[in-house]
Amino acid sequence: MKNNRTINVMKTFVLFMLLGVFIMSCKKDDSVNSGYGKVPNDYHQTAVTQFITVGQTNFAYRVLGNRPGVPLVMISALGNSMDDWDPAITNGLAQQYKVIIFDIEGVGSSSGATPNNIPGMANGVVAFINALGYTKVNLMGFSMGSFITQQIALTNRLW
């Protein structure tokens, strides 16, 4: 009986030792650039705020990344400015796309009065995109920004 108990204790000890060796031998890679070969740029913190005037509104915006092709225009949530986007999201997207973040009319650093309806906000976003010279963009909206994105998809040809 005592022999069986000793054998079980030894088996358990050996099992934990093997598990410990296995865990210690695992490759630890806590670096930010795992798999990419370089540290991602912090576009969100280093992009210069620019302004473009459309009618009576002076829109504040930033261009993140310099990828060619169709840009990604990101539309913020209700009352949020371009500074409220999570840099982990914007920097990740800017690795693959030219990303444009901006403040809608009357929000953040943009002048003017915020329209009190989604179609009015969508018209302002389309005017902003057209003023930048784009005829085709990808749109991404968060919360109320997604309502604006849907309205643009319904009423405009920007794709």
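Buried residues (under 20% relative accessible area with a 1.4 Å probe, protein chains only; exposed is over 50% and partly exposed is in between) make up 32% of the 159 residues in this protein. What you're looking at is a predicted model, in which local features need pLDDT of at least 70 and side-chain atom pairs count only at pLDDT 80 or more, while totals for chains, interfaces and linings use all residues. Residues are numbered from 1 along each chain as its sequence is written, and side-chain values use heavy atoms, with hydrogens and water left out.

**Overall layout**

- The protein has five helices and five strands; these are DSSP runs numbered from the N terminus, with helices (H or I) of at least four residues and strands (E) of at least two.
- Reading from the N terminus, the order of elements is α-α-β-β-β-α-β-α-β-α.
- Of the contacts (heavy atoms within 4.5 Å) with a separation of 6 or more, 63% are between residues 24 or more positions apart.
- The accessible surface, from the Shrake-Rupley method with a 1.4 Å probe, comes to about 10,200 Å², and carbon and sulfur atoms hold 58% of that.

- The average pLDDT (the predictor's confidence in each residue, from 0 to 100) is 85, and 79% of the residues score at least 70.
- Where pLDDT is low, the predicted coordinates should not be read in detail.

**Helix H4**

- H4 covers residues 118-131, and its 14 residues should span 20 Å at 1.5 Å a residue, which agrees with end C-alpha atoms 20 Å apart; the expected span is 1.5 Å times one less than the number of residues.
- Just after H4, Gly 133 takes a positive phi of about 95 degrees.
- Buried residues of H4 include Met 121, Val 125 and Phe 128, and the buried residues pack against E1, E2, E3, E4, E5 and H5.
- Pro 119, in H4, is partly exposed because its relative accessible area is 38%; its C-alpha atom sits 6.4 Å from that of Gln 151, 32 residues away along the chain.

**Nonpolar cores**

- A nonpolar core is a set of buried Ala, Val, Leu, Ile, Met, Phe, Trp, Tyr and Cys residues joined through side-chain atoms within 4.5 Å.
- The largest core has 19 residues, and Phe 102, Ile 104, Val 125, Phe 128, Ile 148 and Ile 152 touch the most other members.
- H4 gives this core its largest share, six residues.
- Beyond its neighbours within four places in sequence, Ile 148 is in contact with Ile 75, Ile 118, Met 121, Ala 122 and Val 125.
- Apart from this core lies another, of eleven residues, among them Ala 47, Met 74, Met 82 and Ala 94.

**Thr 149 in H5**

- Thr 149 lies in helix H5 and counts as buried because its relative accessibility is 15%.
- Leaving aside neighbours within four places in sequence, Thr 149 is in contact with Ile 75, Leu 139, Met 140 and Gly 141.
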